[in-house]
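Please have the structure open beside you as you read.

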Amino acid sequence: MIRILLLEDDASLALGLNFSLKEEGYDVIHVELVQECKKVFERESFDLALLDVTLPDGNGYEMCKYIREQSDIPIIFLTAMDDEVNVVLGLDIGGDDYITKPFRVRELLSRIRAVLRRKGKTDSSHLLKSGSITLDIERALLKKDREEIPLSAQEYKLLLILMNNPEKILSREEIFDLLLEGGGGFFENNTLSVYIKRLREKIEDEVAYPEYILTHRGLGYRWNKRVIRE
């Protein structure tokens, strides 16, 4: 799986990018500060870095130079500064691409694929498997025991959120935020319970005794099984 290091201090933007990138099958580690980014980069390996330029404790150019001392992974700058001097600077110090805010997520995804191809880094992983469940994220297709199960757009997004966070309790607020950042629109308070109920009816052998989606009262929901990416 392609691992992406995201350095971005805008929480709302980072949340949306996190959702969109994970929806495309990427593994994302998000940090907000340059120093935190350096520590993460030292202990983990990545295939691509998305670097904001203006940060509370420094800038993305500094992080780019730090990465280039150790690695040739693709680097894409995310910034509101679109003047020629900054663009040239970012590319000259080792950046592979430069995209200015605000930008369309689809454009960013296209640029990510382009720089990965140029670097010879591709990832054919597009299946999430858990127990008898298989979710094809390229085709938004769910199968249980090889039988295709139809999903609405919101059911698919909810299932993807849960399977991308296996064995982790997600609060209702966290799930709502991810659904909304993914283009979910407005949700009433009982909407999530309805979607959870519908998903259980489609994937659980016994809805009254769920194995996949567990409710933690007062806390949220958890995908209860290991997820393998293929």
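A residue is called buried under 20% relative accessible area, exposed over 50% and partly exposed in between, using a 1.4 Å probe and protein chains only. The model is predicted, so local features need pLDDT of at least 70 and side-chain atom pairs count only at pLDDT 80 or more, while totals for chains, interfaces and linings use all residues. Residues are numbered from 1 along each chain as its sequence is written, and side-chain values use heavy atoms, with hydrogens and water left out.

**Aromatic pairs**

Let us begin with the rings. A pair of aromatic rings is described by the distance of the centres and the angle of the planes. Rings of Phe, Tyr and Trp (its six-membered ring) pair if their centres lie within 6.5 Å; planes under 30 degrees apart count as stacked, over 60 as edge-to-face and the rest as tilted. Searching the whole structure gives five aromatic pairs. One of them is stacked: Phe-41 and Phe-46, at 6.4 Å centre to centre with 10° between the planes. Phe-41 is buried at 9% relative accessibility, and Phe-46 is buried at 7%.

Another pair, Phe-77 with Tyr-98, is tilted, with 5.9 Å centre to centre and 50° between the planes. Phe-77 sits in strand β6 (residues 75-79) and Tyr-98 in strand β7 (residues 97-100), so this pair ties together parts that are 21 residues apart in sequence. Helices (H or I, at least four residues) and strands (E, at least two) are DSSP runs, numbered from the N terminus. Phe-77 is buried at 0% relative accessibility, and Tyr-98 is buried too, at 8%. Ring pairs also join Phe-41, Phe-46 and Tyr-66 into a cluster.

**An enclosed helix**

Why is helix α6 (residues 153-163) described as largely enclosed by the rest of the structure? Ten of its eleven residues are buried. Among them are Tyr-156, Leu-158, Leu-159, Leu-160, Ile-161 and Leu-162. The buried residues of α6 also include Gln-154, Glu-155 and Lys-157.

**Salt bridges**

Now for the charges. A salt bridge here is a side-chain nitrogen of Lys or Arg within 4 Å of a carboxyl oxygen of Asp or Glu. The structure holds 15 of them, including these three:

| Salt bridge | N to O distance |
|---|---|
| Lys-101 and Glu-8 | 3.0 Å |
| Lys-38 and Glu-62 | 3.0 Å |
| Arg-111 and Glu-107 | 2.8 Å |

Lys-101 lies in the loop between β7 and α5 (105-118), and Glu-8 in the loop between β1 (3-7) and α1 (11-23), so their bridge ties together parts that are 93 residues apart in sequence. Lys-101 is partly exposed at 24% relative accessible area, whereas Glu-8 is buried at 0%.

Glu-62 is partly exposed at 28% relative accessibility, while Lys-38 is buried at 15%.

Arg-111 and Glu-107 are four residues apart in α5, so about one helical turn separates them. An α-helix has 3.6 residues a turn, so residues three or four places apart point the same way. Arg-111 is partly exposed at 23%, as is Glu-107 at 32%.

Some bridges are connected to one another: Arg-3, Asp-27, Arg-43 and Glu-44 are linked in a network of salt bridges.

**Backbone points to check by eye**

Most residues other than glycine have a negative phi, and most peptide bonds are trans. The peptide bond from Lys-101 to Pro-102 is cis, with omega near -10°; Pro-102 lies in the loop between β7 and α5.

Which residue has a positive phi of about 50° although it is not a glycine? That residue is Asp-145, in the loop between β10 (141-144) and β11 (147-149). Arg-146 has a positive phi as well, near 70°, and the loop between β10 and β11 holds Arg-146 too. Asp-145 is exposed at 56% relative accessibility, and Arg-146 is exposed at 80%.
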